[in-house]
Amino acid sequence: MSAHCQLTGRQPGFGNSVSHSHRRTGRRFDPNIQRKRYWLASEGRHVRLTLSAKGIRTVDRIGVEAAVARIRARGGNV
């Protein structure tokens with residue numbers, strides 16, 4: 001599972017871990033990605049979406065139908 005949100009497009013960020021002695025080593029900041037299953041009433045089936053925590057709140061706010069429409073508009077397959 002790649003660490004990117006289907007709805008918001010959030011992806012990992014990259015930066016440095018800085019130790020007490022101030023040495024820097026590369027690290028990766030992963031978004032909080034969850035797999036959620038929603039009922040899509042217009043198609044009479046469930047869809048499984050890979051969403052960040054912010055993406056889940058967005059689906060709660062706009063509804064699953066509008067969220068799936070946005071994902072499909074971006075070129076994603078649902």
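Which residues is Leu7 in contact with, leaving aside its neighbours within four places in sequence?

A: The model is predicted, so local features are reported only at pLDDT of at least 70 and side-chain atom pairs only at pLDDT 80 or more, while totals for chains, interfaces and linings use all residues. Residues are numbered from 1 along each chain as its sequence is written, and side-chain values use heavy atoms, with hydrogens and water left out.

Leaving aside neighbours within four places in sequence, Leu7 is in contact (heavy atoms within 4.5 Å) with Leu51, Gly55, Thr58, Val59, Ala67, Arg70, Ile71 and Arg74. Leu7 is also one of the residues with the most contacts inside the largest nonpolar core, which has 14 residues; the others named there are Tyr38, Val47, Leu49, Leu51, Val59 and Val64. A core of this kind is a set of buried Ala, Val, Leu, Ile, Met, Phe, Trp, Tyr and Cys residues joined through side-chain atoms within 4.5 Å. Two or more residues of this core come from each of β3, β4, α1 and α2, and α2 gives the most, with four residues. Helices (H or I, at least four residues) and strands (E, at least two) are DSSP runs numbered from the N terminus. In soluble globular proteins, nonpolar side chains tend to be buried together.

Consider α1 next, which covers residues 53-62. The buried residues of α1 are Gly55, Ile56, Thr58 and Val59, where buried means under 20% relative accessible area, exposed over 50% and partly exposed in between (1.4 Å probe, protein chains only). Seen down the axis, the buried residues of α1 fall within an arc of 160 degrees, so they line one face of the helix; the arc is that of the directions from the helix axis to the C-beta atoms. The face turned away from this buried side carries the exposed residues Arg57, Asp60 and Arg61. What covers the buried residues of α1 includes β3, β4 and α2. Within α1, Thr58 is buried with a relative accessible area of 8%. Not counting residues up to four places away in sequence, Thr58 touches Leu7, Gly63 and Arg70. Gly63 follows α1 and has a positive phi, near 95 degrees.

Helix α2 spans residues 64-73, and its buried residues are Val64, Ala67, Val68 and Ile71. Those four cover an arc of only 95 degrees around the axis, which puts them on the same side of α2. They pack against β3 (33-40), β4 (45-52) and α1. Ala67 and Ile71 are among the contacts of Leu7. Just after α2, Gly75 takes a positive phi of about 100 degrees.

The strands that both helices pack against are β3 and β4. They run antiparallel and are joined by eight bridges; two strands pair if DSSP finds at least two bridges between them. Together they form a hairpin with four residues between the strands, and Gly44 in the turn has a positive phi of about 65 degrees. Across the pair, Arg35 has Thr50 as its bridge partner, and Lys36 stands opposite Leu49. In a regular strand the side chains alternate between the two faces of the sheet.

Trp39 lies in β3 and is partly exposed, with a relative accessible area of 47%. Its contacts, leaving aside neighbours within four places in sequence, are Gly44, Arg45, His46 and Val64; of these, Gly44 is in the hairpin turn and Val64 is one of the buried residues of α2. The C-alpha atoms of Trp39 and Arg72 are separated by 16 Å, with the two residues 33 residues apart along the chain. Ser52, in β4, is buried, with a relative accessible area of 3%. Not counting residues up to four places away in sequence, Ser52 touches Cys5, Thr8, Arg10, Asn32 and Ile33.
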